Every structure is written in structure tokens, then in C-alpha cells.
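Please report on the fold shown here. Cover the helix at the end of the chain, the core, the domains and the overall dimensions.

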Amino acid sequence: MIMNKLLTDWLVEQKVVARLQTAVRCETVNPPGNELRLARQIQELLQAHQISCELYEQADGRANLIARRMGQKPGKCLVFCGHLDTVPIGNSAWSHPAFSGEIRDGRLYGRGSSDMKSGLLALLYAFIYFPQGVSDWQGELVFAATFGEETGSEGAKVMIEQNQLTHFDAMIIAEPTDNQLITAHKGVMWVQIESKGRTAHASMPKEGVNAIEGLHLFLNRLQQIGWHSGQHPLLTEPTMTVTTINSGKKTNVIPDYGEMTIDIRTIPGQDHQQIVQSMQTIAADIMRSYPEMTVDVQLLLDLPPVMTSGDAELVNVAKASLADHGISNVAERGANYFTDASVFSQYGDGEIIIIGPGKPELAHQTNEYVEVDTYLQAVHLYVEIAKRYLK
Ligand SMILES: [Zn+2]
């Protein structure tokens, strides 16, 4: 690919890399997030390039940001989307400090380097430089940065609910995929089960109602109902796993309270509402069989799976752009994790793909890094995709 000269110069000057280091040093661990500080950095960079943007400040230092560029003629709307927050740094020691942005052997280290400040900044630079060297293009290119993705896409929900983003025909989300094309990902349900019983001395269990038994019964029945059968060509099978259990105070006391959370990952075709109803039926059955026991089901997070057809224009454009960059395997893949796409896909029928620098297996890990070359390659890829899609 022939890059325009200005972009080449910019890359050579390594300002694009330095800016990623600055973004990694700007701590946006969620909770609490503090995404406003990174959004302000992005606003300043856009202003330095004479591009205006809307900064949507929320309470407690949180923010979404949207910038728009219009082509010479009306046309389709392509959105570049990334999240501003990161997960916490964990308890293990980092060999490269987590907020240093240190570069060693072509790798830029730090929390968020892979997930997904490299993707966010690559989209940002592609957004800034895309029109240069393009004689005419049509439609609208939007850069959208969200808060709170890591805790359930709160920023994306606000972006839709408050009409910060009203429509789109196509969207690229820059989660780490090692610049491979993802066109589908699983949905997620986080469910909390609460069980209540009655305490008694453990030497006389029949005098009490054991809340742990309630959780145990619930889980057993849930595993038996078979809702999690089925296969998807890109996503394989749905999964369900218990992730937290809390109950009991003393070894010799029957516990009267217990709670557990369950993580469920769904595939297209599964009805989340139906799954919730099945759980409520199980809880009601248990309470009928054990009248002194209470079992309550609460949905903590509910995001649907995402699937963009292999025939979609954006998918074909992305494949052609990947091939141009010497990436041999351009076949679409699926992911187990969820993204902001779960929120955006519920509004309209815009095509969504996920493609970004950084290795997915490094996301949320100690010593997270991104290969600088992959980050720079992503800038070119996004420019190329926008050129083809908005021509
Ligand atoms: Zn992410």
C-alpha cells in the first residue's frame, strides 16, 4: 500500500507511538473509571488537528466522546468505536510498571496497551488522517469513545439512550484481535441467585433450613434443563459457570443465607428472556418443594450475542484491506468475550466487526503489552477500510 506522505512522516516521527504511551500512562482503571481525563487528551489532540468533538461528561469523572467528519457528498455512516476504561492491574507484580507505557523489544507495556488503548488510538489516528490523500469521499466518519465497557458497556448504553449516537451503517470496534477479523461474539448474562433459610445448630440439621442446599438444588436443576445445547459455526457452544459463592459463618451452624453468581455466555438464536423464565421456574419449584426456603433470581447484566453476516459490505471491505496488508488468513472468526457491539447491535441493523491490535489472550493479564508494529499496522488498516467503505 502507498501511504500518504504526511502519515508516513508522522509514523516515522513516532508521535503516534508516543501518544499511545501517554494514553497508557493516563490511568482509567474501572472501577472507578475516570475516563474523562483520557477523553480530554483525545479532545486536545483533535483540536490540534482542527477537528471539533462533543465531550459528554457524566458524573464522577466519566465521559463519552464523539467526533464527526463529513465527506463531500452524503452517504453511509461508518463509526470507529473504542472504550476508554481498563480493568484493574491485579495483585501480581508487573515486571514493567503497569502505567509506564515502557517500550522494550518492540513491545509497549502497560494496563490497557492491548485492551484497548492501542485500538482506540489507532482508530483515532486513522480518523484524523483518513481524508488526506483522498480526493473525494462520501458519507460520514464518526469516532466514538465510550466509558464503562469493562463493567457492562454502561457508556455505550448512555450513548444510545441520550442520542449521542443516533444511527450508523457500519461500525468497527477495536478490541484486541491481533488484527484478525471478528464478525460474531457471544452474548452474556450475569445472574445472582439468593437463597434464604433458617439457622440451627449443625448437630440438628433438621431443625434448620440450609441456604447452601437451596443453591445446590438450583444449580443441579439448571444444569439439567438443557438450554445450553446447540452449536454455532463461529462461536461453538454456549457456556454456563458459577463464579462466586458466599454462604456460611461457622462450621457448626446451618447457614440461613447464601448467594452465588453465574456467568452465562450465549450464542445467536438463544432467547435470554426464556433463560430467565426457566430460572424463575426452577426457583418456584424449589420453593414449592421446600416451603421454608426462599430462592430469588436476579439478572445483573444482560447483553445479546452479535452476528454480522459474511456477506456484509463491511466484512468484504475488511477482508480486502487485510489481504492488502499481507495478512493471509482473512477468514472471519468468533469471540467468546462481549463488547460494546452487544449494545449497539440492538439499535438498527448496522454491520459491526471487531478488529484491533493487541493479542486477545493478553487482555486483563499482568504484563499486558501491544506490539508496536501491530498497533501501527492497525492505523493503516482502519484508513484503508474507511477509504474503501466511504468511497
Ligand atoms: Zn476491551
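Helix α10 (residues 372–389) has 18 residues, which should span 26 Å at 1.5 Å a residue; its end C-alpha atoms are 26 Å apart, so the two agree. The expected span is 1.5 Å times one less than the number of residues. Helices here are DSSP runs of H or I with at least four residues, strands are runs of E with at least two, and both are numbered from the N terminus. Of the 18 residues of α10, 13 are buried, so this helix is largely enclosed by the rest of the structure. Buried means that 20 or more other C-beta atoms, placed from the backbone, lie within 10 Å of the residue's own.

This is a predicted model: local features need pLDDT of at least 70, side-chain atom pairs count only at pLDDT 80 or more, and totals for chains, interfaces and linings use all residues. Residues are numbered from 1 along each chain as its sequence is written.

**Core.** The largest nonpolar core has 103 residues, and Phe80, Ala126 and Tyr382 touch the most other members. Helix α4 (residues 113–129) supplies the largest share of this core, eleven residues. Domain 1 and domain 2 each give the core at least three residues. A nonpolar core is a set of buried Ala, Val, Leu, Ile, Met, Phe, Trp, Tyr and Cys residues joined through C-beta atoms within 7 Å. Leaving out residues up to four places away in sequence, Tyr382 touches Phe80, Ala122, Leu123, Ala126 and Ile172. Contact means C-beta atoms, placed from the backbone, within 7 Å.

**Domains.** The chain divides in two, with bounds from an automatic or database domain assignment.

| Domain | Residues |
|---|---|
| domain 1 | 5–185 + 305–389 |
| domain 2 | 187–303 |

Their C-alpha centres lie 37 Å apart. Twelve residues from domain 1 and eleven residues from domain 2 form the contact. On the domain 1 side, β14 (333–335) and α9 (341–344) are the elements that give two or more residues.

**Whole chain.** The protein chain holds ten helices and 16 strands. Its C-alpha trace spans about 80 × 45 × 40 Å along the principal axes. A compact globule of 391 residues would have a radius of gyration near 21 Å; the chain has 24 Å, which agrees. That radius is taken over C-alpha atoms, and the globule rule is 2.2 Å times the number of residues to the power 0.38. Buried residues make up 45% of the 391. Among contacts between residues at least 6 apart in sequence, 79% join residues at least 24 apart.

Definitions and conventions:
Buried ≥ 20, exposed ≤ 12 C-beta atoms within 10 Å, placed from the backbone. Contact = placed C-beta atoms within 7 Å.
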